[in-house]
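Student: I'd like to go through this one with you, a bit at a time. Can we start with how the strands pair and then move on to a single side chain?

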Amino acid sequence: MSTEVKNRGARKQRKGVVVTKSGTKTVKVAVSYRERHPVYGKIVSRTKNYQVHDESDDAKVGDNVTIMETRPLSATKRWRIVK
């Protein structure tokens with residue numbers, strides 16, 4: 001962990017794939033995860049999309065990225081790209 005993260009406390013991190021470039025400094029990242037179905041018990045794959053802030057504006061569609069929680073940056077953006 002970097003010192004920046006230690007000073008601010010633990011924040012959630014996710015790994016995903018850039019799906020869409022949504023204008024200047026914004027990308028949509030799809031994060032896939034697996035969970036057990038509450039009734040049937042089968043393992044199912046789910047995907048959640050996040051609006052993510054890309055300060056350097058260099059992420060392209062198909063890139064694997066790591067995102068981290070941050071303060072609200074707009075009406076829908078609460079995540080930023082770490083690497």
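**Strand pairing and a lysine**

Tutor: Let us begin with one bridge in this predicted model: threonine 20 has lysine 28, in β2, as its bridge partner.

Student: In which sense do β1 and β2 pair, and over how many bridges?

Tutor: β1 and strand β2, which covers residues 26–36, pair in the antiparallel sense, and four bridges link them.

Student: And what do β1 and β2 form, with how many residues between them?

Tutor: They form a hairpin with four residues between the two strands, and in the turn glycine 23 has a positive phi of about 105 degrees.

Student: What about β1 and β4, in which sense do they pair?

Tutor: That pairing is also described as antiparallel, with five bridges between β4 and β1, the latter spanning residues 13–21; within β4, asparagine 64 is the bridge partner of valine 17.

Student: Switching topic: where is lysine 77?

Tutor: Lysine 77 sits in the loop that runs between β4 (64–69) and β5 (79–81).

Student: Is lysine 77 buried or exposed?

Tutor: Lysine 77 counts as buried, because its relative accessibility is 9%, and the cut-off for buried is under 20%.

Student: Which side chains does the lysine 77 side chain make polar contacts with?

Tutor: Its partners include the side chain of threonine 26, at 2.9 Å, and the side chain of histidine 53, at 3.2 Å.

Student: Which residues is lysine 77 in contact with, leaving aside neighbours within four places in sequence?

Tutor: Those contacts are with Lys25, Thr26, Gln51, Val52, His53, Arg71 and Pro72.

Note on methods:
Residues numbered from 1 in each chain as written. Predicted model: local features only at pLDDT ≥ 70, side-chain atom pairs only at ≥ 80, totals over all residues. Heavy atoms only, no water. Buried < 20%, exposed > 50% of the residue type's maximum accessible area, 1.4 Å probe, protein only. Contact = heavy atoms within 4.5 Å. Polar contact = N/O pair within 3.5 Å; in protein donor to acceptor, adjacent residues only side chain to side chain. Pairing = 2+ DSSP bridges.
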